[in-house]
Amino acid sequence: MKIVVIAFTFLFILIGNAYTQEDAFEKADVNKDGHISRDEYDAAVTSKFNEYDANKDGVIDRHEFNATKDNNAAIEYEFLDRNKDGKLNMDEFKAGATARFQMYDQNRDGLLSNPEYRQDTGFPILKIYF
Ligand SMILES: [Ca+2]
Ligand SMILES: [Ca+2]
Ligand SMILES: [Ca+2]
(Lines give C-alpha, C1' and ligand atoms only; values in the text may rest on other atoms or scores of the structure.)
(Ligands and ions follow the chains in the order given, each with its own letter.)
Protein backbone atom coordinates (compact mmCIF):
# COMPACT_ATOMS: atom_id res chain seq x y z
CA MET A 1 0.00 0.00 0.00
CA LYS A 2 2.75 2.35 0.97
CA ILE A 3 4.56 1.67 -2.29
CA VAL A 4 1.39 2.43 -4.25
CA VAL A 5 1.06 5.74 -2.44
CA ILE A 6 4.67 6.60 -3.18
CA ALA A 7 4.25 5.59 -6.84
CA PHE A 8 1.16 7.79 -7.15
CA THR A 9 2.91 10.68 -5.46
CA PHE A 10 5.77 10.35 -7.93
CA LEU A 11 3.34 10.22 -10.84
CA PHE A 12 1.61 13.37 -9.63
CA ILE A 13 4.95 15.14 -9.37
CA LEU A 14 5.74 14.14 -12.97
CA ILE A 15 2.34 15.28 -14.21
CA GLY A 16 2.69 18.45 -12.18
CA ASN A 17 6.01 19.21 -13.88
CA ALA A 18 4.55 18.56 -17.31
CA TYR A 19 1.74 20.99 -16.59
CA THR A 20 4.14 23.59 -15.29
CA GLN A 21 6.08 23.38 -18.55
CA GLU A 22 2.86 23.61 -20.56
CA ASP A 23 1.77 26.63 -18.56
CA ALA A 24 4.98 28.58 -19.14
CA PHE A 25 4.69 28.25 -22.92
CA GLU A 26 0.95 28.87 -23.03
CA LYS A 27 1.14 31.76 -20.62
CA ALA A 28 3.78 33.45 -22.77
CA ASP A 29 1.75 32.78 -25.94
CA VAL A 30 -0.68 35.58 -25.16
CA ASN A 31 -2.56 35.54 -28.49
CA LYS A 32 -2.75 31.71 -28.44
CA ASP A 33 -1.49 31.18 -31.98
CA GLY A 34 0.81 28.34 -30.88
CA HIS A 35 3.96 30.45 -31.26
CA ILE A 36 5.82 32.81 -29.00
CA SER A 37 6.66 35.96 -30.94
CA ARG A 38 9.53 38.27 -29.99
CA ASP A 39 7.04 40.71 -28.43
CA GLU A 40 5.44 37.98 -26.37
CA TYR A 41 8.88 36.72 -25.39
CA ASP A 42 10.08 40.19 -24.35
CA ALA A 43 7.01 40.66 -22.16
CA ALA A 44 7.49 37.28 -20.50
CA VAL A 45 11.23 37.90 -20.00
CA THR A 46 10.56 41.31 -18.44
CA SER A 47 8.12 39.90 -15.94
CA LYS A 48 10.57 37.07 -15.16
CA PHE A 49 13.29 39.63 -14.45
CA ASN A 50 11.01 41.37 -11.95
CA GLU A 51 10.20 38.03 -10.39
CA TYR A 52 13.91 37.31 -9.83
CA ASP A 53 14.62 40.79 -8.49
CA ALA A 54 13.17 40.05 -5.06
CA ASN A 55 14.54 43.17 -3.33
CA LYS A 56 13.52 45.41 -6.27
CA ASP A 57 16.87 47.18 -6.64
CA GLY A 58 16.81 46.82 -10.43
CA VAL A 59 19.48 44.11 -10.62
CA ILE A 60 19.51 40.38 -10.09
CA ASP A 61 22.27 39.21 -7.78
CA ARG A 62 23.55 35.62 -7.53
CA HIS A 63 21.28 34.75 -4.63
CA GLU A 64 18.18 36.02 -6.36
CA PHE A 65 19.13 33.97 -9.42
CA ASN A 66 19.69 30.88 -7.29
CA ALA A 67 23.20 30.73 -8.76
CA THR A 68 24.62 29.96 -5.34
CA LYS A 69 22.68 26.68 -5.19
CA ASP A 70 22.06 25.55 -8.74
CA ASN A 71 25.04 24.74 -10.95
CA ASN A 72 23.22 25.33 -14.24
CA ALA A 73 21.97 28.66 -12.98
CA ALA A 74 25.54 29.56 -11.97
CA ILE A 75 26.81 28.82 -15.48
CA GLU A 76 24.01 30.83 -17.07
CA TYR A 77 24.68 33.68 -14.67
CA GLU A 78 28.29 33.91 -15.86
CA PHE A 79 27.05 33.94 -19.45
CA LEU A 80 24.59 36.75 -18.67
CA ASP A 81 26.86 38.95 -16.60
CA ARG A 82 28.75 40.46 -19.51
CA ASN A 83 30.54 43.22 -17.65
CA LYS A 84 31.39 40.80 -14.81
CA ASP A 85 30.28 43.07 -11.98
CA GLY A 86 28.37 40.27 -10.25
CA LYS A 87 24.97 41.78 -11.03
CA LEU A 88 22.52 41.43 -13.86
CA ASN A 89 20.64 44.45 -15.06
CA MET A 90 17.64 44.33 -17.36
CA ASP A 91 19.80 44.97 -20.47
CA GLU A 92 22.09 42.05 -19.72
CA PHE A 93 19.18 39.77 -18.92
CA LYS A 94 17.39 40.70 -22.16
CA ALA A 95 20.54 40.34 -24.26
CA GLY A 96 21.04 36.83 -22.87
CA ALA A 97 17.37 35.99 -23.34
CA THR A 98 17.57 37.12 -26.99
CA ALA A 99 20.63 34.95 -27.59
CA ARG A 100 18.81 31.93 -26.15
CA PHE A 101 15.69 32.66 -28.18
CA GLN A 102 17.79 32.65 -31.36
CA MET A 103 19.43 29.42 -30.28
CA TYR A 104 16.04 27.73 -29.87
CA ASP A 105 14.48 29.26 -33.00
CA GLN A 106 15.84 26.58 -35.29
CA ASN A 107 13.98 27.53 -38.46
CA ARG A 108 14.88 31.23 -37.95
CA ASP A 109 11.37 32.54 -38.45
CA GLY A 110 11.55 34.77 -35.38
CA LEU A 111 8.91 32.66 -33.65
CA LEU A 112 9.27 30.03 -31.01
CA SER A 113 7.07 27.04 -31.75
CA ASN A 114 6.08 24.47 -29.17
CA PRO A 115 8.44 21.76 -30.57
CA GLU A 116 11.27 24.30 -30.69
CA TYR A 117 10.59 25.16 -27.06
CA ARG A 118 10.60 21.50 -26.09
CA GLN A 119 13.65 20.39 -28.07
CA ASP A 120 16.18 18.58 -25.98
CA THR A 121 19.21 20.78 -25.39
CA GLY A 122 20.35 18.75 -22.39
CA PHE A 123 19.24 21.49 -20.06
CA PRO A 124 16.03 23.53 -20.46
CA ILE A 125 17.70 26.94 -20.53
CA LEU A 126 14.59 28.81 -21.62
CA LYS A 127 12.94 27.93 -18.33
CA ILE A 128 15.28 30.47 -16.80
CA TYR A 129 13.78 33.25 -18.91
CA PHE A 130 10.04 32.74 -18.67
CA1 LIG B 1 1.81 33.96 -29.94
CA1 LIG C 1 17.94 42.53 -6.70
CA1 LIG D 1 10.90 29.19 -35.02
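**Loops, helix faces and core of the predicted chain**

Lys 84 sits in the loop between H3 and S3. In this predicted model, its phi is positive, at about 55 degrees, although Lys 84 is not a glycine. Lys 84 is exposed, because 7 other C-beta atoms lie within 10 Å and the limit for exposure is 12 or fewer. A second residue of this kind is Asn 66, placed in the loop between S2 and H3. Its phi is near 70 degrees, again a positive value in a residue other than glycine. Asn 66 counts as partly exposed, with 15 C-beta neighbours inside 10 Å. Most residues other than glycine have a negative phi.

The secondary structure of the protein chain comprises five helices and four strands. From the N terminus on, the order of elements is α-β-α-β-α-β-α-β-α. The protein chain has 130 residues, of which 19% count as buried. Among contacts with a separation of 6 or more, 49% join residues 24 or more positions apart.

Helix H2 (38-52) has 15 residues and reaches 21 Å from its first C-alpha to its last. This is close to the 21 Å expected at 1.5 Å a residue. Its buried residues are Tyr 41, Ala 44, Val 45 and Phe 49. They cover an arc of only 145 degrees around the axis, and therefore lie on the same side of H2. Asp 39, Ser 47, Asn 50 and Glu 51 are exposed on the other side of H2.

Helix H4 covers residues 90-104. Its end C-alpha atoms are 21 Å apart, which agrees with the 21 Å that its 15 residues should span at 1.5 Å a residue. Phe 93, Gly 96, Ala 97, Arg 100 and Phe 101 are buried in H4. Seen down the helix axis, these buried residues fall within an arc of 145 degrees, so they line one face of H4. Asp 91, Ala 99 and Gln 102 are exposed on the other side of H4.

The largest nonpolar core holds 21 residues. Tyr 41, Val 45, Phe 93, Tyr 129 and Phe 130 touch the most other members. H2, H3 and H4 are the elements that give two or more residues to this core. The largest share, four residues, comes from H2. Two of the core residues named above, Tyr 41 and Val 45, are also among the buried residues of H2. Phe 93, likewise in the core, belongs to the buried residues of H4.

Not counting residues up to four places away in sequence, Tyr 129 touches Val 45, Lys 48, Ala 97 and Arg 100. Of these, Val 45 is buried in H2, whereas Ala 97 and Arg 100 are buried in H4.

Leu 126 is placed in the segment after helix H5 (114-118). Leu 126 counts as buried, because 25 C-beta neighbours lie inside 10 Å and the threshold is 20 or more. Beyond its neighbours within four places in sequence, Leu 126 is in contact with Arg 100, Tyr 104 and Tyr 117. Leu 126 and Phe 101 are 25 residues apart along the chain, and their C-alpha atoms are separated by 7.7 Å. Phe 101 is one of the buried residues of H4.

Note on methods:
Residues numbered from 1 in each chain as written. Chains lettered and ligands numbered in written order. Predicted model: local features only at pLDDT ≥ 70, side-chain atom pairs only at ≥ 80, totals over all residues. Contact = placed C-beta atoms within 7 Å. Expected span 1.5 Å × (residues − 1). Arc of directions from axis to C-beta. Core = buried A, V, L, I, M, F, W, Y, C linked by C-beta atoms within 7 Å.
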